[in-house]
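Trainee: I should like to work through this model by question and answer. May we begin once the sequence and structure are displayed?

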Amino acid sequence: MPTPHLADPHDAAQLLALVDALVRELHPGAMRRATLDCALDRDLGLDSLSRVELLARIERHYGVRLPTTVLDSAETPRDLLAALADAPAGSPLSQTRRAAGDAPASISTVTDPVSEPSAGMPTGAATLLEVLDWHLARHPERCHVRFLAGDDEVETLSHAELANGARTFAAALRGQGVQPGDCVALMLPTGLDFFRSFFGILFAGAVPVPMYPPARPAQIEEHLRRQAGILRNCAAPVLITFDRVRPLASALAGLAPELVHVTTPAALAASPAASAPAVASAPRHPARARELALIQYTSGSTGDPKGVALSHANLLANIRAWGLAAKVEARDVCVSWLPLYHDMGLIGTWLGSLYHGCTLVLMSPLDFLARPERWLWAIHHYRGTVTAAPNFAYELCVKRLAGTDLAGLDLSSWRLAANGAEPVNPDTLERFAHAFAPYGLRAGSLTPVYGLAECSVGLCVPPPGRGVRIDRVERTPLTREGHALVADGAAGTGTNDDDGEVLRLVSCGPPLPGHELRIVDAEGRPLPERHVGELEFRGPSATAGYYRNPAASAALFHDGWLVTGDHAYLADGELYITGRAKELIIRAGRNLYPYDLEQAIGDLPGVRKGCVAVFGVSDPTSGEERLVVVAETRLEDQAERQALEAGIVAAAMTQLDLAPDAIVLAPPHAVLKTSSGKIRRAAVREAWLAGRLGEPVRAAWLQVLRLHTASLAGRIGKRARALPGVLYAVWAWAWFAPLATLAAIGIIGLPGLGQRWALAHRLARLYRWLCACPLRIEGLDKLPAGNCILVANHASYIDGFVLAATLPHPVRFIAKTELRAQPLLRTLLERMGTVFVDRFDTRQSLEDARTLATHAEAGVPLLFFAEGTFGPEEGLRAFRLGAFQVAARQGLPVVPVALAGTRAVLRSGGWQPQRGRLGVRICAPLQPAGKDWHDLLALRDAVRACILAHCGEHDALQD
């Protein structure tokens, strides 16, 4: 075996020979040969799956195991050469087994006392937050997620750790000004921080918006432009991302005007707003079932993004229905590599596992792509029972692992292998079942499913364990009449049909419990079974529409049914998908779908497999649709290109009995794809019509420069709009400094409390006038002549200044003891008669109560901020009982004081004051009716009702 430590030119030559061999296989006739510094994607046409194959061949040839990060980081053969120089020798397969903890001769099962399932399900939970509460109450330390972070590292997350992390992130987000109802974008790779961030957003009352991170430098410009459209649509003020993306995300500032903060999980955890006291005192948002819990943007979202708005009720209805149909229970173990920004990975695997109490074993998509055997060994090692993946994943396992020595692998625990998110190929399922049957895989576990983001995630699933049901139908009646006639031979067989006159379509099963399907024609009339039309559905999982996109939302519904955009037919109550409605090509009275022709053209020599787009374009002269084929190739010889065009025509005639009207042989990367690898036919069509198809890929630095240039106007405009506010803030702080200094001198120097209060009163009124904030004062005449207790709401740091400007006579503020930690502030507050109390120490609170009673007898009114704290979000919080206890014990009247407008003038967590109208309403005094518990509660509620009626904010307790 050659040594892995490469040092001479011969080593580089061997590596380049491997690269060239793969390029020749994928692109027959390609003229260019690899050099050490050519780009693997741009120059050689190797996409992600091609690089997976290249790394596998390199490892086999040199007997090494390369880090999976090489798949993402290596841009040139020189990068691969450097990775080889650092790679240890050894069998990749044996090391994969050791990483999974496998002993080839036996089955190794992971057990954990806190992972044992518990009885029951959170059937009464109305929100995702209540689902987490249900598990916290029963098994807080139970392992919820096992993340296979690397070959030798497994990170775990319990329900308690998820909740604690979420509380921390929620407090930090509130500190950055996030309010209930705001959207927060989440662009994170697979890892435990994603889960903490997601629930942190929900704890703060905001709406998570998952976004996928950029895959490769060659895609930076298009990727960030598309993400800018999503950020504009959801108006997210905060983007949570990771360090590698954070500098790039700053280019979005001008393209997404609402974006204020770009942060990371580490930065959120380290922020002052996430300190332990702040987290402990911050209330969790009381979510409701109909509130938005997620906005899931379609992977092809561009300039007009479609964000599927999903409520807690939608998600839980889908998870419950899926669990019932698939018979999911707490004893199941879900093993997944699906990205968490995709609905199948986010809802189907993670949130589904959370609800049912399953353990989720998770790995990154990159780890799966680099070594698909890791997925299978994880199923073996953790006794996985449930998985989900697109069709290509099963095909990749067959191509990479069929015929490989997998001795010791046991897949007998695998009971449900869902195949969805892209067209299901019956040949793939047959090959997968055959390849892994020797390792205990039951063919009945393979389960084609159907779903869409507009239905949360899943809509149809066959009975678990039944296996694949295939419908063999005649091609001509299906394409010409839309009639799915059963071909000769029994339906449900896996027989291939070589004559091309029989189509094999896979059943996706019946709809989930509580959901209905129907097939309609072009006029919206229901069709009988075995007739192809547009698929519509209805049920509790259905979205109410697209977020901030009323036009697209209106087109989504037809007579109360949701339009899926798919063509299909029903047979025996089960669903068979024939293609996307928007990709349907109508030619010579026939309904043509692009998939079969794309696959046939992709098999031609010289064509990049999986890089073919077939679509229709309306001919303005004839009114008919023209059939257009775009195929990527690296062929440069004119004769070879002509031969390839002839091959494409022949394939079209065989598949459709029609010749294409236009054939475009495009360079690599001309056929645009989504993040999950699906062909973006509409985008390819637009590029072809605009003459932009196959534009050369720009260098990463040039793409970033273009992004900054494109966002320049937006950034300038954003700052111009913000300039008046900044100038106002400078003016306000410029006057605050000398007036505060004068006030401090007077408070320290003047001998009497009355004199000190009079000075503060006049300076506060002057400052209010200088800041041009109108102050409306009502009810001063209702202040009692004698002693009393004043109770006010608390919304901003300026509340004390506004009260000082309002009240002509001294009061003693009741303040939290934390303020005593600052010597100058403590001195000034004590000179103004402030009384400090401890909000958290129960024993100290008893002493504080006695102290307050003493001060209440002194004749100077005590002023309580009954909410105890404040935050950036609007809403009147719960009142503490301290003020009412003092009033009842001393027999003093309680005066409600309602402050209005202070939160808008200076919001918590911000430094920039804004001009606004202020108001103070002093209500009629309320006398305590008694000293028992019920009397205190009645007094508290009456005072709170008075303040709620005049403070201009809603009741946060009703959220």
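Trainee: Which residue takes a positive phi just after α31?

Mentor: This is a predicted model. Helix α31 covers residues 933-950. Just after α31, a positive phi of about 80° is found at Gly952.

Trainee: Which residue caps the N-terminal end of α31?

Mentor: The backbone nitrogen of His934 has a side-chain oxygen 3.3 Å away. That oxygen, which caps the N-terminal end of α31, belongs to Asp932.

Trainee: How wide is the arc that the buried residues of α31 cover around the axis?

Mentor: The buried residues of α31 are Leu936, Leu939, Val943, Arg944 and Ile947. They lie on the same side of the helix, because the arc they cover around the axis is only 130°.

Trainee: Which residues are exposed on the other side of α31, and what do its buried residues pack against?

Mentor: On the other side of α31, the exposed residues are His934 and Ala949. The buried residues of α31 pack against β27 (789-792), α29 (882-890) and β31 (894-900).

Trainee: Is Thr806 buried or exposed, and which backbone oxygen does its side chain reach?

Mentor: Thr806 belongs to helix α26, residues 799-806. Its relative accessibility is 2%, so Thr806 counts as buried. Not counting residues up to four places away in sequence, Thr806 touches His761, Leu775, Ile777, Leu780 and Val920. At 2.8 Å, its side chain reaches the backbone oxygen of Val802.

Trainee: How far apart are the C-alpha atoms of Ile663 and Val649?

Mentor: Ile663 lies in strand β25, residues 662-666, and counts as partly exposed because its relative accessibility is 23%. Its contacts, leaving aside neighbours within four places in sequence, are Val629, Glu645, Ile648 and Val649. Ile663 and Val649 are 14 residues apart along the chain, and their C-alpha atoms are separated by 8.6 Å.

Trainee: What is the relative accessible area of Arg383, and where does this residue lie?

Mentor: Arg383 lies in the loop between α16 (373-382) and β11 (386-389). Its phi is positive, near 55°, in a residue other than glycine. Arg383 is buried, because its relative accessible area is 15%.

Trainee: What is the phi of Arg530?

Mentor: Arg530 is found in the loop between β16 (516-520) and β17 (533-538). This residue, which is other than glycine, has a positive phi near 65°.

Trainee: What percentage of the residues in the chain are buried?

Mentor: The chain has 31 helices and 32 strands. Of the contacts with a separation of 6 or more, 72% are between residues 24 or more positions apart. Among the 959 residues in the chain, buried residues make up 54%.

Technical notes. Residues numbered from 1 in each chain as written. Predicted model: local features only at pLDDT ≥ 70, side-chain atom pairs only at ≥ 80, totals over all residues. Heavy atoms only, no water. Helix = DSSP H or I, 4+ residues; strand = E, 2+ residues; numbered from the N terminus. Expected span 1.5 Å × (residues − 1). Buried < 20%, exposed > 50% of the residue type's maximum accessible area, 1.4 Å probe, protein only. Arc of directions from axis to C-beta. Contact = heavy atoms within 4.5 Å. Polar contact = N/O pair within 3.5 Å; in protein donor to acceptor, adjacent residues only side chain to side chain.
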